[in-house]
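Please read the structure below alongside the text that follows.

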Amino acid sequence: MTGPLDVAAVKKDFPVLAQQVHGHRLVYLDSAASSQHPQSVLDAMDDYYATTHANVHRGVYSLAEEADRRYEAARLAVGRFIGAPQPQEEVVFVKNATEAINMVAATWGRANLHPGDAVLLTDMEHHANLVPWLMLAEERDLELRWVGLGDDYRLDLDDLDRLLDGVKLVACTTMSNVLGTVTPFAAIAAAAHDAGAVVVADGAQSVPHLATDVGALGCDFLAFSAHKMLGPTGIGVLWGKAELLEAMPPFLGGGGMIRDVRRDGFSPNVLPWKFEAGTPPIAEAVGLAAAVHYLEAIGMDRVHGHELSLLAYAQRILAERFGDDLHVFGPEGTEDRGGVLSLAYRDVHPHDLSQVLDQAGVCVRAGHHCAKPLMRRLGVPATARASLYLYNEESDVDALADALESAGRLFG
Amino acid sequence: MMTGLEDLYREIILDHYRSPRNRGELPEPPAHRTEGFNPLCGDEVVVYVLVDAGTVADIRIAGQGCSISQSSASLMSAAVKGKSVEQVRDLIRTFKSMMSIHEARLEEGDGEDGAPGEPVDLDSLGELAALQGVVKFPVRIKCATLSWNTLAQALDELETAGVS
C-alpha cells in the first residue's frame with residue numbers, strides 16, 4: 001500500500017483510545033513502554049480461548065491439533081515479519097525481549113565466554129541489554145567495553161575498530177528507547193563480524209516501528225517484545241541463526257524441550273522447542289500473529305513514515321511554542337530517528353510534568369526509562385518521554401504542548 | 001489549575017519546592033549522613049542529621065527530586081529541627097500513617113468507602129498536613145515518604161552506633 005496513513009480509521013480500531021481520562025480525550029504517548037491493541041488482536045485471542053484452547057505439541061485430538069496449528073502459524077508469521085530465512089527453526093517464543101537476551105547470555109554466553117573475554121556494549125542500552133551482560137561479566141570475569149555517546153545523541157563510532165579488536169560479543173540496540181536514535185546497526189554488525197564477534201540486536205524499539213530484515217541488519221540474534229508492537233504482554237521473540245541456536249545448550253529445563261529423559265540424563269528437543277520449556281503462551285502467540293497481520297496490512301514503511309511526519313510536526317511545534325525552555329534529548333530532524341521525544345522542560349521535574357499532563361489525559365513516561373548509564377551520560381536523573389505510534393496524530397502533539405503550558409504556569 | 005491537582009500541589013508545597021529550607025550539607029562527623037533512593041524514578045535524597053544530647057540539633061537536605069519529594073524533605077527538616085529523637089520518631093510514625101491511608105484502601109479493593117486505618121491527628125502535623133493530598137495520587141506516596149524513611153534510617157544507624 002502507498003499513500004499516507006488514515007489515522008482516523010486506525011484509531012477506530014483501538015477501543016482503549018475511545019475513553020476519557022479526567023474529562024479529557026485519552027492521548028496515549030507511551031507506546032515505547034507498551035503499545036495499545038487493535039480489536040483484531042483482542043478478537044484473535046478471544047476466539048482462540050472460545051473455540052480452540054488445548055495444550056500444544058502433545059494432543060492427538062482435533063482441538064489440540066488446531067491449537068498447535070495456530071501456535072506454529074504464529075511462529076511463521078513472526079518469522080516472515082522479520083525476514084527470518086528459517087522461521088520454523090529460528091523463531092523462539094519467550095516471555096519478552098528481556099528474557100530473550102537473558103537466554104542468549106545464559107546459554108551462548110556461558111558456553112562461549114571465558115575469563116578475560118571482551119564484550120562490547122553501548123551507552124545507549126536499556127537495562128535489558130546491560131544487566132544480563134553485567135551478571136555474566138561478574139560470573140565469568142569478562143572485560144566490558146563501551147561505545148560512547150556523541151553530543152549529537154548518536155553512537156560515537158570513531159574508536160569502533162579499536163574497541164572491536166579481540167571482542168567475542170557485541171550487544172547493541174537498533175533504536176534507543178530514550179533518544180529515538182536509530183543506530184547504524186548493519187555497519188556495526190559487519191565490523192563486528194570482521195572482528196570475529198557474535199552480534200546481538202536489541203530490537204525492542206525498532207521492530208514495532210521499522211521494517212525489519214534480520215539479513216539486512218546482519219545480527220546473529222534479535223530480541224523483541226510483542227507488547228510494544230500491538231500484541232499482548234507475556235510473549236516475546238528470540239530470533240537466532242539456526243547454527244548458533246543448534247550449538248547452544250538449552251535454557252530452561254522441563255516439558256516440551258526434551259527428546260528423551262532418563263534417570264541419568266536427557267537429550268534436548270530440536271529447534272525451536274529446545275528453548276521452549278513448559279506450556280508456552282499460546283493465546284499470546286495467536287495475539288502476536290494478529291498484531292503482525294495488522295501491521296503488515298498497513299505496511300511498516302507507512303507506519304514509520306507516519307511517525308516521522310508526526311515527529312517533525314512535534315519538533316516544530318515544541319520549538320515554536322517553548323523555544324529554549326524545552327530541550328529534546330535526541331537527534332535533531334528525522335534522519336535515522338524514531339518517534340521518541342525525551343523532554344526536559346525548564347527545571348520542572350519529569351514526575352511533576354507527567355502528573356500535570358495526566359490531568360489533561362496525556363500519558364507520557366517519566367523516569368530513567370531503564371537506561372541509567374545513559375541518563376548519567378545525559379546528566380539528568382530522569383526525563384519525561386513522549387513516544388509516537390501509528391494511532392497518534394497532530395492533535396495529540398497539540399494536547400501535549402497545551403498540557404506542557406499548564407505545567408509551566410503551575411511551576412513557573 | 002486543573003481539577004484535582006490543587007490537592008497535590010498546595011501553595012505551601014510549591015513554596016517549599018521553590019525555596020527549600022535547610023538545604024545543604026553538614027560536616028560529618030559530628031553530623032551523620034544517610035542516602036535514600038527511589039529506584040522507580042531515580043530520585044535521591046541525602047539527609048545530614050546532627051543529634052546532640054538526644055535532640056535533633058541540626059538537619060540539612062541534599063539530593064534531587066520532584067516537587068513532592070523535595071517539598072516533603074523541606075517541610076520535614078523544618079518540623080524536626082530542635083525536637084527530641086523520640087518526638088521525631090513519633091512524627092515519622094504519624095506522617096507515615098497519614099501516607100498509608102490510601103494504601104490500606106487499595107488492599108481492601110475499595111477506593112471510596114474503605115475504612116481508613118489509625119485515625120491521624122492532622123493538627124499534630126502542622127504544615128505537614130498539606131501533604132495529605134498526596135494519598136490521592138498513590139504513585140507519588142513514595143516521593144513524599146522518601147526523606148522520612150531516610151531520616152528514620154539515619155536515626156536507626158545512630159542508635160545502633162550508640163549515639164542517641
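A:Leu341 counts as buried, with a relative accessibility of 1%; buried means under 20% relative accessible area, exposed over 50%, and partly exposed in between, with a 1.4 Å probe and protein chains only. The model is predicted, so local features need pLDDT of at least 70 and side-chain atom pairs count only at pLDDT 80 or more, while totals for chains, interfaces and linings use all residues. Residues are numbered from 1 along each chain as its sequence is written, chains are lettered from A and ligands numbered from 1 in the order in which they are written, and side-chain values use heavy atoms, leaving out hydrogens and water.

A:Leu341 sits in strand E14 (residues 340-345) of chain A. Helices (H or I, at least four residues) and strands (E, at least two) are DSSP runs, numbered from the N terminus. Leaving aside residues up to four places away in sequence, A:Leu341 touches A:Leu311, A:Ala314, A:Gln315, A:Val328, A:Ala384, A:Arg385 and A:Ala386, where a contact means heavy atoms within 4.5 Å. A:Gly330 lies eleven residues from A:Leu341 in sequence, and their C-alpha atoms are 7.1 Å apart.

A:Gly215 is exposed, at 57% relative accessible area. This glycine belongs to helix H9 (residues 214-217) of chain A. Between A:Gly215 and A:Arg263, 48 residues apart along the chain, the C-alpha separation is 42 Å.

An α-helix has 3.6 residues a turn, so residues three or four places apart point the same way. In helix H6 (residues 131-140) of chain A, the residues A:Pro132, A:Trp133, A:Leu136 and A:Ala137 are buried. They span an arc of only 135° around the axis, which puts them on the same side of H6(A); the arc is that of the directions from the helix axis to the C-beta atoms. The buried residues of H6(A) pack against helix H5 (97-112) and against strands E5 (118-122), E6 (143-147), E7 (167-173) and E8 (198-202) of chain A. After H6(A) comes A:Asp141, with a positive phi near 55°.

In helix H2 (residues 11-18) of chain B, the buried residues are B:Ile13, B:Leu14, B:His16 and B:Tyr17. Seen down the axis of H2(B), they fall within an arc of 165°, so they line one face of the helix. Their packing partners come from both chains: helix H13 (350-359) and helix H15 (394-411) of chain A, and helix H1 (5-8) and helix H3 (67-80) of chain B.

Chain A as a whole has 15 helices and 17 strands. Its radius of gyration, taken over C-alpha atoms, is 22 Å, close to the 22 Å from the globule rule (2.2 Å times the number of residues to the power 0.38) for 412 residues, so chain A is as compact as a globular protein of that length. The C-alpha atoms of chain A fill a box of roughly 70 × 55 × 35 Å along the principal axes. Of the 412 residues in chain A, 59% are buried. Among contacts in chain A between residues at least 6 apart in sequence, 71% join residues at least 24 apart.

Chain B has five helices and three strands, in the order α-α-β-β-β-α-α-α from the N terminus. Buried residues make up 47% of its 164 residues.
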